[in-house]
Amino acid sequence: MTGTILFRSDGGHDLGFGHIKRCLSLASELASQNIVSAFACRCESDAVATLIRARGFSVVEIPARIGLIAELEYLSNEETFDYDAIVLDISHPEMLRQYNAIPAYFAGLTQRFPTVAIIDGHMQFCLAGRFDL
């Protein structure tokens with residue numbers, strides 16, 4: 001099996017490293033199956049990008065203060081983003097602050113990437129249960 005996966009996750013001092021570490025574990029397993037993975041992250045600290053690169057994956061840092069629609073344009077305009085799938089692990093309070101933009105964000109991702117997968121949060125951070133995704 002071959003393919004390319006883009007992991008879209010965030011992490012740092014306030015958000016913690018759980019989202020990033022979970023995606024790193026998946027990316028490592030996929031690498032053992034000859035599937036290439038990379039990361040696109042809003043990194044709250046240099047430690048996030050350093051951790052991802054130390055595990056052997058490339059990372060593109062998304063500007064911290066852009067909204068979801070601007071992020072979608074950023075991901076769509078980036079020539080290096082030629083992936084078979086995007087895996088989202090972005091269920092956290094910061095994302096929910098942009099609640100009204102989430103449906104358009106997901107719709108744009110489904111137009112940009114052949115496959116969109118969501119690792120969803122629980123309880124109050126659940127995204128899929130709030131929208132028709």
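Which residue in β3 is the bridge partner of C41? The bridge partner of C41 in β3 is E61.

## Basis

The model is predicted: local features need pLDDT of at least 70, side-chain atom pairs count only at pLDDT 80 or more, and totals for chains, interfaces and linings use all residues. Residues are numbered from 1 along each chain as its sequence is written, and side-chain values use heavy atoms, with hydrogens and water left out.

## Sheet

Five strands form an open sheet with parallel pairing, in the order β3-β2-β1-β4-β5. β3 (58–61) and β5 (115–118) stand at the edges with a single partner strand each, so one side of each is left without a neighbour in the sheet. On average, neighbouring strands are turned by 20° against each other, direction ignored. Between β2 and β3 the parallel pairing runs over four bridges.

Strands (E, at least two residues) and helices (H or I, at least four) are DSSP runs numbered from the N terminus. Two strands pair if DSSP finds at least two bridges between them.

## Helices

Helix α1 lies across β1, β2 and β4 (85–89), running at about 165° to β1. Helix α2 (residues 46–54) packs on the sheet and touches β1, β2 and β3, its direction making about 160° with that of β3. Contact means heavy atoms within 4.5 Å. Axes are lines fitted to C-alpha atoms, for helices over the stretch in contact, and angles run from 0 to 180 degrees between N-to-C directions.

In helix α5 (residues 102–112), the residues I102, Y105, F106, G108 and L109 are buried. Seen down the axis of α5, its buried residues fall within an arc of 160°, so they line one face of the helix. The arc is that of the directions from the helix axis to the C-beta atoms. Buried means under 20% relative accessible area, exposed over 50%, and partly exposed in between (1.4 Å probe, protein chains only).

## Aromatic pairs

The whole structure holds three aromatic pairs. Rings of Phe, Tyr and Trp (its six-membered ring) pair if their centres lie within 6.5 Å; planes under 30 degrees apart count as stacked, over 60 as edge-to-face and the rest as tilted. F7 and F39 are stacked, at 5.3 Å centre to centre and 20° between the planes. F7 is in strand β1 (residues 3–11) and F39 in strand β2 (residues 35–43), 32 residues apart. F7 is buried at a relative accessible area of 1%, and F39 is buried at 1%. F7, F39 and F57 form one aromatic cluster.

## Residue N34

N34 is in the loop between α1 (18–31) and β2. Its phi is near 65°, a positive value in a residue other than glycine. Most residues other than glycine have a negative phi. N34 is exposed, with a relative accessible area of 57%.
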